[in-house]
Amino acid sequence: MKRPLAERKLALQAQLAILNARLQSIERDLEAEPDRDWEDAAIEAEDDEVLEETGLVSQRELRQIETALHRIEAGDYGICLRCGSEISEARLDILPYTAFCKDCAK
């Protein structure tokens, strides 16, 4: 059964809000004053590396979601950017922000 476009849009907007909140949290954590104890500071540095990577992944997903929302507004959501075929509902259920059909994503 085909999922209504309005429902997909709401789900993408909700995910966008979650990612924005996550990025704000990461930013606050990275801007926090470092610990004065060198052992704790070393652990914090390792944690910061993980936070930075998580932030980069979140930013990439955020951009993909924003692009999908623009495609919804433009009327070409669910159409593969590479071949022009319709992206399957099953694929959009798994990756609602994808711009490529299964074959072109390979």
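The structure holds 5 salt bridges, a salt bridge being a side-chain nitrogen of Lys or Arg within 4 Å of a carboxyl oxygen of Asp or Glu. Side chains of opposite charge can pair when their charged atoms come close. The model is predicted, so local features need pLDDT of at least 70 and side-chain atom pairs count only at pLDDT 80 or more, while totals for chains, interfaces and linings use all residues. Residues are numbered from 1 along each chain as its sequence is written, and side-chain values use heavy atoms, with hydrogens and water left out.

**Stop 1: the whole chain**

Colour the model by secondary structure. The protein has 4 helices and 0 strands, and along the sequence the pattern reads α-α-α-α. Helices (H or I, at least four residues) and strands (E, at least two) are DSSP runs, numbered from the N terminus. Of the 106 residues in the protein, 25% are buried. Buried means under 20% relative accessible area, exposed means over 50%, and partly exposed lies in between, with a 1.4 Å probe and protein chains only.

**Stop 2: arginine 8 and aspartate 93**

Select arginine 8 and aspartate 93 and show their side chains. The two meet in a salt bridge, with 2.8 Å from N to O. Arginine 8 belongs to helix α1 (residues 5-31) and aspartate 93 to helix α3 (residues 89-94), so this pair ties together parts that are 85 residues apart in sequence. Is arginine 8 buried or exposed? Arginine 8 counts as buried because its relative accessible area is 2%. Aspartate 93 has 45% and is therefore partly exposed.

**Stop 3: glutamate 73 and lysine 9**

Next, select glutamate 73 and lysine 9. They form a salt bridge whose closest N and O atoms are 2.5 Å apart. This pair links distant parts of the chain, with glutamate 73 in helix α2 and lysine 9 in helix α1, 64 residues apart. Glutamate 73 is exposed because its relative accessible area is 55%. Lysine 9, at 24% relative accessibility, is partly exposed.

The C-alpha atoms of isoleucine 65 and lysine 9 are 9.7 Å from each other, while the residues are 56 residues apart along the chain. Isoleucine 65 has a relative accessibility of 0%, so it counts as buried.

**Stop 4: arginine 71 and aspartate 76**

Select arginine 71 and aspartate 76. What is the distance between the closest N and O atoms of this salt bridge? The distance is 3.7 Å. Arginine 71 is buried, at 8% relative accessibility, and aspartate 76 is partly exposed, at 31%. Salt bridges that share partners also join Arg8, Glu89 and Asp93 into one network. Select these three together to view the network.

**Stop 5: the cysteines**

Show the cysteine side chains. How many disulfides does a search of the whole structure find? The search finds 0 disulfides, a disulfide being a pair of cysteine sulfur atoms within 2.5 Å. Cysteine 80 is in none, and the nearest cysteine sulfur, that of cysteine 104, is 3.7 Å away. Cysteine 101 is in no disulfide either; its nearest cysteine sulfur is that of cysteine 104, 3.7 Å away. Cysteine 80 is buried at 3% relative accessibility, and cysteine 101 is buried at 9%.

**Stop 6: a negative surface patch**

Select Glu46, Asp47, Glu49 and Glu52, which form a negative surface patch. Patches are made of residues with over 30% relative accessible area and no salt bridge, and like charges are joined within 9 Å. Asp and Glu count as negative. Aspartate 47 lies in helix α2 (residues 38-74) and is partly exposed, at 42% relative accessibility.

**Stop 7: glutamine 24 and glycine 55**

Finally, select glutamine 24 and glycine 55. They are 31 residues apart in sequence, and their C-alpha atoms are 9.4 Å apart in space. Glutamine 24 is in helix α1 and counts as partly exposed because its relative accessibility is 49%.

How values were computed: Patch = residues over 30% accessible without salt bridge, like charges linked within 9 Å, V, L, I, M, F, W, Y side chains within 5 Å. Areas by Shrake-Rupley, 256 points an atom, 1.4 Å probe, with all protein chains shown as cover. Charge placed at Lys NZ, Arg CZ, Asp CG, Glu CD.
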